[in-house]
Amino acid sequence: MANTDPISDMLTRIRNASEKRHQTTNIPLSRMNRSIAKVLEQEGFIDQFSEAGEGVQKHLVLSLKYSGKQKVPTIRSVQRVSKPGLRIYSNRRDLPKVLGGLGVAIISTSKGVMSDRDARKEGVGGEVLCYVY
């Protein structure tokens, strides 16, 4: 069965795996999912990601990050903003700050998928995909 919102599927898999304290999670591979994983790695929310499988069965393997002896997840909340039924766009002046700059808004811009900080540096706006903190 075809997935109508692969970004939501990715975020839900990350949220479920971190709540259950899994070390890794598998996500179906797409260019958008790879770009989001790259931003999460750059911002320090995940350890690393790699590609596995062949052909149609390719998927991303994300290594989740935890802190302390209690294994507190680094990703506390993942929230989808722009949805297929209601797209949310923001210009460069109105880019959102998540938790006063402690979190990250992932933005799809004309220069690629990037964090809100990078989009401000580049001076571009775009579609607000999700908030991570």
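What share of the contacts in the chain with a separation of 6 or more comes from residues 24 or more positions apart? In this predicted model, such residues account for 58% of those contacts. The chain holds three helices and 10 strands, and from the N terminus on its elements follow the order α-β-α-β-β-β-β-β-β-β-β-α-β. The radius of gyration is 15 Å, close to the 14 Å that the globule rule gives for 133 residues, so the chain is as compact as a globular protein of that length. Along the principal axes, the C-alpha atoms fill a box of roughly 40 × 40 × 25 Å. Of the 133 residues, 37% count as buried.

Helix H1, residues 6-19, packs with helix H2, residues 31-42, at an angle of about 40°, and their axes lie 10 Å apart. H1 and H2 are therefore oblique to each other, and their crossing is right-handed. On the H1 side, the contact is made by Pro-6, Ile-7, Met-10 and Ile-14, while H2 contributes Met-32, Asn-33, Ile-36, Ala-37 and Leu-40. Sorted by class, this contact of H1 with H2 has eight nonpolar residues and one polar residue, with no charged residues.

Among the strands, S3 spans residues 59-64 and includes Ser-63. With a relative accessible area of 15%, Ser-63 falls under the 20% limit and is therefore buried. Leaving aside neighbours within four places in sequence, Ser-63 is in contact with Gln-23, Thr-24, Ile-46, Asp-47 and Gln-48.

Most residues other than glycine have a negative phi. Arg-21, however, has a positive phi, near 60°. This residue sits in the loop between H1 and strand S1 (24-28), where Arg-21 counts as partly exposed at 35% relative accessibility. Leu-99 likewise has a positive phi, in this case near 50°. The loop that holds Leu-99 runs between strand S7 (89-90) and strand S8 (104-109). Is Leu-99 buried or exposed? The relative accessible area of Leu-99 is 51%, and the residue is therefore exposed, the cut-off for that class being over 50%.

How values were computed:
Residues numbered from 1 in each chain as written. Predicted model: local features only at pLDDT ≥ 70, side-chain atom pairs only at ≥ 80, totals over all residues. Heavy atoms only, no water. Axes fitted to C-alpha atoms, helices over the stretch in contact; angles between N-to-C directions. Helix = DSSP H or I, 4+ residues; strand = E, 2+ residues; numbered from the N terminus. Parallel < 35°, antiparallel > 145°, perpendicular 65-115°, else oblique. Left-handed = near helix turned anticlockwise from the far one by under 90°. Contact = heavy atoms within 4.5 Å. Nonpolar A, V, L, I, M, F, W, Y, C, P; charged D, E, K, R; others polar. Rg over C-alpha atoms; globule rule 2.2 N^0.38 Å. Buried < 20%, exposed > 50% of the residue type's maximum accessible area, 1.4 Å probe, protein only.
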